[in-house]
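Hi everyone, thanks for making time.

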Amino acid sequence: MAKTQNANKANAVPDDISRAILAAHRIALAGHVTPDADCLGSMGALALGLKDLGKSVRVAMPAGSVSRRLSYLTDLFDLQPATTSQLQACDLLIGLDTAKDRRLNIDGKLDALPGIPVLNVDHHATNTRFGKWNWVDPQASSVCELVVDLVAALGCPLTPTMATLLYAGIHGDTQGFSLGNTSTKSLAAAHALAASGARIPEVCEKLQRSHSRSEFDLLKVIYGNARVSADGRLAWSTASHEEITAAGCVAEDIDNQVEIPRSVEGIRVAILFTEGVPGKIRMNFRGERGAAVLELAREFGGGGHPTSAGAILDGSIAAVTEQVLAKARAFVAELSR
Ligand SMILES: [Mn+2]
């Protein structure tokens, strides 16, 4: 049980992080492009908590960036996406769940917000520490797990809606408490959120059992295109721009469908290739039993977590798939049995 030594480690909030937030008056929040439940849950809960402290809060969220499934979360915090000039009027920008400044989901990125100090709260091992203040804890299951401690340190009471948002993010990043990042700390955070009124059945229904017909048709495409390598250790699937469009979906509807090839027994590496935008092939990599797919994603300019990573390449889906599968086959061949 090598992991126990970190399992109870408290995500103690660094003093400079709480101080910088408490000193600010107009706070902008931003997550990463193609936002997931962790990104939206942490933004939403922190936005509600900071408003409760009397801060003016703006949320960066370019139009069309949230999937239909996850709009459940943005509806809970009910904040209009900020305009660039509203963001420019802020005296602090908090980046959440975002490893690199160029991944921030802000029109024009940080270049659009000159002079605004950035506070970076993240759990990606590849975080570049792009903030003036940085709180990066790769041991944390999710940023929502960190925000549970952050709102407590700031003195914000956890409302049932904040607890629901944070629970959704922990649920999302741990795949329903099923992955290796599920620790006593993440379970303790979930316990605290449940005690604060998190609506757990609602989160599970909305995140797991609420596919629109279009999203369901896209799942059928991804099941239909799924393949497994001859040795059974690599599984992948694809969805071309034509297939995504024919299902009635858009680029934002691609989120965790890599779980489909990942669900094959015995695989070590799963990859999903999707062409949400024509000619831009997005790859989601997942590693099972410790397969460090981050190395693979980095070969293609990507990043992420050790066993959950992504990258984007320009080209046709056929050419990119062939190029990446060649490297992936070599990668799984090197893994110990
Ligand atoms: Mn996350």
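So, look at α3 and α7: they cross in a left-handed way. This is a predicted model, by the way, so keep that in mind throughout. Helix α3 covers residues 37-52, and its axis sits 7 Å from that of α7, at an angle of about 160°. Anything over 145 degrees counts as roughly antiparallel, and that makes α3 roughly antiparallel to α7.

Which residues of α3 and α7 make the contact? On the α3 side you've got A37, D38, G41, S42, G44, A45, L48 and G49. Coming from α7, there are T161, M162, L165, L166, A168, G169, H171, G172 and D173. If you sort the residues of that contact by class, you get 7 nonpolar, 8 polar and 2 charged.

Okay, stay on α7, because it also meets α8, and those two are roughly antiparallel to each other. Here α7 is residues 160-173 and α8 is residues 184-195. Their axes come within 9 Å and cross at roughly 155°. The handedness of the α7 and α8 crossing is left-handed.

Who's touching whom there? From α7 it's A163, L166, Y167 and I170, and they meet S186, A189, A190 and L193 of α8. By class, the contact of α7 with α8 comes out as 7 nonpolar, 1 polar and no charged residues. And keep an eye on L166: it's in the α7 list for the contact with α3, and it turns up in the one for α8 too.

Now let's zoom out to the domains. The chain is split into domain 1, residues 4-208, and domain 2, residues 215-334. How far apart are the C-alpha centres of domain 1 and domain 2? They lie 26 Å apart. In the contact, domain 1 puts in 13 residues and domain 2 puts in 9.

Last thing: how far can we trust the picture? The average pLDDT for the chain is 94, and 96% of the residues score at least 70. Residues 1-10 are another story, with pLDDT below 50. That stretch does have 8 contacts in the model beyond near neighbours in sequence.

Conventions. Residues are numbered from 1 along each chain as its sequence is written. This is a predicted model: local features need pLDDT of at least 70, side-chain atom pairs count only at pLDDT 80 or more; totals for chains, interfaces and linings use all residues. Axes are lines fitted to C-alpha atoms, for helices over the stretch in contact, and angles run from 0 to 180 degrees between N-to-C directions. Helices (H or I, at least four residues) and strands (E, at least two) are DSSP runs, numbered from the N terminus. Angles under 35 degrees count as roughly parallel, over 145 as roughly antiparallel, 65 to 115 as roughly perpendicular and the rest as oblique. A crossing is left-handed if the near helix is turned anticlockwise from the far one by less than a right angle, and right-handed if clockwise. Two residues are in contact if their C-beta atoms, placed from the backbone, lie within 7 Å. Ala, Val, Leu, Ile, Met, Phe, Trp, Tyr, Cys and Pro count as nonpolar, Asp, Glu, Lys and Arg as charged, and the others, Gly among them, as polar. pLDDT is the predictor's confidence in each residue, from 0 to 100. Domain bounds come from an automatic or database domain assignment.
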